[in-house]
Amino acid sequence: MTKTIILSMCLAASCLAASSLSLDARAQDARAQNDRRYTDGPVTEVDYIQVEYGHFAEYIDWLNSTWKPTMEALKNAGLIIDYKVFKATPKSPDQPNIFLFITFKNMAAYAGDNGDKGIELEYVARKVICNTECQNKARVVRNGYRKVLGTELIRELILK
């Protein structure tokens with residue numbers, strides 16, 4: 001009986017020590033994460049666009065007449081914090097010559113709180129531009145002189 005009690009006490013002591021070590025390890029991990037030399041900043045979607053030679057003015061007209069008002073509406077609705085357009089000189093014919101940047105406050109804002117970002121963006125676009133069918137027809141026309149080469153998601157790191 002005494003051996004059983006001593007064995008039980010030893011087992012309890014070792015369990016306490018193990019859980020204490022585990023808690024210490026978790027606390028060290030949390031401190032290490034909090035000791036990062038940066039914080040996560042805004043998230044930017046970068047669209048790589050290749051506009052065919054001779055259609056640059058046409059694409060800029062579309063950006064001014066449709067894309068910019070849509071971005072302004074998204075900004076006013078609090079869905080994005082900023083947007084930008086950059087022109088580039090490609091090194092080869094398969095590279096983009098236009099970059100579209102759309103910046104969101106953080107990853108949650110990009111993804112949408114309930115995964116419904118796309119619905120909110122589409123609603124604003126329908127309000128500013130036209131219904132989805134009309135937008136799809138316009139995309140087909142734009143695809144005649146521009147190609148979306150890809151989209152990338154980048155996050156700003158704010159150094160401490």
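Predicted model: local features only at pLDDT ≥ 70, side-chain atom pairs only at ≥ 80, totals over all residues.
Mentor: A charge sits over a ring if NZ of Lys or CZ of Arg is within 6 Å of the ring centre and within 35 degrees of the ring normal. Residues are numbered from 1 along each chain, and side-chain values use heavy atoms.
Trainee: OK, so which ring does the charged end of Lys-87 sit over?
Mentor: The ring of Phe-56, with the charged end 4.8 Å from the ring centre.
Trainee: And how many aromatic pairs are there?
Mentor: Six. Rings of Phe, Tyr and Trp (its six-membered ring) pair if their centres lie within 6.5 Å; planes under 30 degrees apart are stacked, over 60 edge-to-face, the rest tilted. In one of the pairs, Tyr-59 and Tyr-145 have ring centres 6.4 Å apart and planes at 75 degrees, so they are edge-to-face.
Trainee: Where in the chain are those two?
Mentor: Tyr-59 is in helix α2 (residues 56-76) and Tyr-145 in the loop between α5 (132-142) and β4 (146-159), 86 residues apart. Helices (H or I, at least four residues) and strands (E, at least two) are DSSP runs, numbered from the N terminus.
Trainee: Are they buried or exposed?
Mentor: Both Tyr-59 and Tyr-145 are buried, meaning under 20% relative accessible area with a 1.4 Å probe, protein chains only (exposed is over 50%, partly exposed in between). Ring pairs also join them with Trp-62 in a cluster.
Trainee: Switching topic, where is confidence lowest?
Mentor: In helix α1 (residues 2-34), at a mean of 54, whereas strand β2 (residues 82-87) is highest at 97.

Note on methods: pLDDT = per-residue confidence, 0-100.
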